[in-house]
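Thanks for coming. I have one structure to go through today, so please look at the sequence and the model before I start.

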Amino acid sequence: MIDQQIEDPGDSKLAGGQGAPVSAVSGQSYICPMCPGVASEKPDACPKCGMALESEMPFQAPQIRYICPMHPEIEEDVPGDCPICGMALEPDAVPPDPEPNLELIRMTRRFWVGATLAIPLLMVSMGEMVPGLGDLVRGDWNPWVQLGLSTPIVLWCGWPFFVRAWRSFFGFNLNMFTLIAIGTGAAFLFSLGATLFPSGFPAGFKTASGQVHLYFESAAVIIVLVLLGQVLELRARERTGDALRALLDLSPKTARRLKSEDQDEEIPLAQVHTGDRLRVRPGESIPVDGRIESGSSSVDESMVTGESLPVTKGKGDVVIGGTLNQTGGFVMIAEKVGSATMLANIVSMVAQAQRSRAPIQGLADRVAGLFVPAVVIAAVLAFVAWALWGPPPALLFGLIAAVSVLIIACPCALGLATPMSIMVGTGRGAQAGVLLRNAEALERLEKVDTLVLDKTGTLTEGKPSVTEIIPAGDVLEADLLGIAAGLERGSEHPLAAAILKSAVARNISPTMIDDFSSITGKGLVGQLKGQEVLFGNQRLMDEANVIFEDVASDADRLRDDGSTVMYLAIGGHLAGMIAVSDPVKASTPKALDMLRRQGLNVIMLTGDNERTAMAVGTRLGIQNVIAGVLPEEKLNTIKELQDSGAVVAMAGDGVNDAPALAQADVGIAMGTGTDVAMESADVTLVKGDLKGIVRAMMLSKMTMRNIRQNLFFAFIYNGLGVPVAAGILFPVFGILLSPILAAAAMSLSSVSVIGNALRLRKASLITE
């Protein structure tokens with residue numbers, strides 16, 4: 001079901017799983033539209049039915065594109081840097097066989113080269129402060145050795161930063177690398193000038209001994225520390241895709257296809273076609289989505305649905321590709337393969353959500369957009385203030401303060417605060433069976449105070465069964481059920497499935513109905529031997545002026561038991577009624593209790609008869625029950641709640657719920673429901689029960705709390721760091737922050753933000 005709600009992975013740009021977790025297949029395949037399982041490499045005729053084989057494009061992993069985690073609108077075909085912020089672009093997909101991260105490899109290499117050269121540079125530049133080294137490092141050769149050691153660090157190890165800064169000037173997108181390049185470049189060029197032309201510097205730059213202090217070691221060590229921060233950051237960013245990689249790893253690489261009842265062959269997963277019969281042995285992962293043809297087993301679906309208990313599966317039951325078969329073996333029929341599997345589409349949906357932007361990120365974006373120019377101005381003002389009012393050597397102190405301000409104020413932590421939490425949070429949600437369409441839904445979900453629930457398929461199993469058939473007049477029970485089945489044959493409603501299943505169980509063939517049509521929220525209408533046939537609820541009968549008082553007492557009795565009653569009328573006269581009962585899901589009472597404890601106002605909104613709805617509501621302790629509503633009335637109810645100030649989440653699973661799901665602040669679709677409902681929703685629950693809503697609410701609150709922690713840390717860090725770097729503590733405490741310490745603090749701020757976001761990977765979403 002879920003595969004229909006998401007765009008075709010071949011047409012969309014996915015992150016972390018853009019398509020199914022299988023490899024591409026080379027070559028063209030031809031299949032028979034009438035005979036599932038018949039395939040050929042040549043455009044021949046089907047050996048079974050003789051029809052011409054049709055081409056089937058084999059599943060291919062879509063081309064990976066590269067995006068910026070801070071600016072997801074930036075997409076490139078090849079790896080590179082973001083033209084806005086300068087950060088390394090990331091692949092928008094987590095491939096089954098990930099390639100080495102070239103950016104991480106290059107940054108690591110530059111870091112180790114820089115660190116190796118920085119150690120002797122520090123010894124040469126600061127040796128006078130170490131007992132026993134002072135005499136060794138004094139001499140005219142010292143500045144030249146510092147120049148020789150620092151030049152490869154600044155010009156080769158730091159080259160990527162200067163390139164990104166150069167681009168930022170031309171694109172008018174000043175960013176963290178702009179500040180790094182200006183700061184280290186100023187320190188290096190100042191020291192270079194002091195080495196080549198020491199006599200040309202004014203007294204304000206000279207120490208008491210008449211020398212110009214060099215900052216080769218500051219420029220070099222800042223580059224090395226920034227490289228270390230980049231290495232740690234790149235490694236941490238790789239871990240944000242762990243949840244998607246775990247999902248991709250669920251899918252096996254091969255499948256066992258039956259050639260005959262006694263013989264099967266092991267084939268690559270990419271060669272499995274719809275209709276293939278596959279054997280799944282104990283302990284193996286189920287290769288694709290399908291139904292069990294023979295055999296039974298217990299299946300662990302926890303990685304897809306979030307439910308820890310194994311599910312018993314037998315003949316006719318649906319099995320999900322990537323879930324783990326435990327105790328028994330069975331033969332299954334492949335129904336969805338490649339990019340159509342639930343697992344592939346879960347990865348696709350999560351990837352799209354990870355690239356989306358939460359509204360709260362707009363604050364960080366606005367601040368970051370003004371931050372870099374403000375920092376440059378602050379650095380200039382710090383230099384001027386020190387030059388005018390600072391103690392000697394005033395200009396030297398001013399240079400130190402300006403460089404420290406530029407380095408410590410890099411806004412990387414601010415930009416990463418939201419997207420890192422979104423990426424990790426949505427991945428964690430997928431592991432718990434909660435699929436979010438976008439980050440905005442994740443943020444809105446936290447603010448929900450009113451939860452509106454459909455009854456059928458949401459509170460109940462959505463698998464109703466016929467419990468009683470009551471004919472009227474001379475109509476036979478078999479005829480009544482046969483006509484009802486004939487009308488329901490084209491319907492997707494769960495009640496239709498119950499009618500058809502009951503007819504099959506009684507060996508009753510559906511009656512052929514002409515001019516069939518559906519009246520949304522009321523029932524069905526058709527023609528039988530020139531007479532109009534109606535099958536639906538009391539509202540439909542009232543509009544057709546059908547009299548049904550003779551069965552009113554029986555209808556009330558059935559509704560008091562929680563059954564849904566449907567009437568059949570032929571030629572304007574009542575022919576009977578059919579009662580269908582849909583049991584409440586076992587998890588519903590506990591989930592409702594947990595939702596109420598979270599302070600939610602729970603409302604049941606159903607198109608079912610009021611008496612039936614009240615019976616179910618009373619059983620579940622739901623006091624607010626709105627029954628007998630049409631789809632447009634459901635939508636209007638949601639609007640009325642919103643107009644009263646409520647933030648509304650609507651959970652449903654049917655076609656008639658789609659308008660209300662789209663109108664709600666957060667639409668929640670059951671993964672067991674219809675495709676239309678899921679396309680209209682912001683959140684899809686794979687398992688399809690209310691415990692998924694509890695998990696979604698917990699996930700939203702945890703993720704938003706994590707984002708606020710990151711933003712608070714980033715704002716406080718920059719708010720305090722810039723004044724300290726500018727020298728605000730010097731007049732009182734005599735403290736002037738070293739550019740090297742500023743670089744270390746800047747790198748650690750980014751890593752700490754990512755580390756905090758990664759805590760969400762272990763977030764507990766247990767609802768047991």
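**Notes on a predicted model**

I start with S587, which is in the loop that runs between strand 23 (573-581) and helix 19 (588-597). Helices here are DSSP runs of H or I with at least four residues, strands are runs of E with at least two, and both are numbered from the N terminus.

Before going further, the ground rules. The model is predicted, so local features need pLDDT of at least 70 and side-chain atom pairs count only at pLDDT 80 or more, while totals for chains, interfaces and linings use all residues. Residues are numbered from 1 along each chain as its sequence is written, and side-chain values use heavy atoms, with hydrogens and water left out.

Back to S587. Its relative accessibility is 15%, so S587 counts as buried; the cut-offs are under 20% relative accessible area for buried, over 50% for exposed, and partly exposed in between, with a 1.4 Å probe and protein chains only. Apart from neighbours within four places in sequence, S587 is in contact with D689 and K691, where contact means heavy atoms within 4.5 Å.

What does L690 touch, leaving aside its neighbours within four places in sequence? The list is L453, T458, L459, T588, A591, L592 and M670. L690 is also one of the residues that touch the most other members of the largest nonpolar core, along with L453, L459, L592, I668 and I693. That core has 66 residues. Helix 24 (residues 691-726) gives the most to it, with 10 residues. A second, separate core has 64 residues, among them A88, A115, L234 and V403. By definition, a nonpolar core is a set of buried Ala, Val, Leu, Ile, Met, Phe, Trp, Tyr and Cys residues joined through side-chain atoms within 4.5 Å. As general background, nonpolar side chains in soluble globular proteins tend to be buried together.

Next, L685, which is placed in strand 28 (residues 683-685). L685 is buried, at 2% relative accessible area. Not counting residues up to four places away in sequence, L685 touches G433, V434, I668, A669, M670, G671, G692 and I693.

Now the strands. Two strands are taken as paired if DSSP finds at least two bridges between them. Three strands form an open sheet with antiparallel pairing, in the order 12-11-14. Strand 12 (311-313) and strand 14 (324-325) are the edge strands, each pairing on one side only. Strand 11 (residues 297-300) is joined to strand 12 by three bridges, and S298 has T312 in strand 12 as its bridge partner.

Strand 10 (residues 289-295) pairs antiparallel with strand 15 (residues 330-336) over six bridges. There, I292 has M332 in strand 15 as its bridge partner. Strand 10 is also joined to strand 13 (residues 318-319) by two bridges, again antiparallel; here R291 is partnered with V318.

On to the aromatic rings. Rings of Phe, Tyr and Trp (its six-membered ring) pair if their centres lie within 6.5 Å, and planes under 30 degrees apart count as stacked, over 60 as edge-to-face and the rest as tilted. How many aromatic pairs does this rule give? The count is six. One of them is F111 with W112, edge-to-face, at 5.1 Å centre to centre and 65° between the planes. F111 is buried at 12% relative accessible area, whereas W112 is exposed at 54%.

W386 and F730 also form an edge-to-face pair, with 5.0 Å centre to centre and 70° between the planes. W386 is in helix 10 (residues 361-389) and F730 in helix 25 (residues 730-733), so this pair ties together parts 344 residues apart in sequence. W386 is buried at 8%, and F730 is partly exposed at 23%. Together with F397, W386 and F730 form one aromatic cluster.

The charged end of R110 is over the ring of W156, 4.7 Å from its centre. R164 lies over the face of F177, 4.8 Å from the ring centre.

Last, helix 5 (residues 176-196). Its 21 residues reach 30 Å from first C-alpha to last, close to the 30 Å expected at 1.5 Å a residue; the expected span is 1.5 Å times one less than the number of residues.

Note on methods
Lys NZ or Arg CZ within 6 Å of the ring centre and 35° of its normal.
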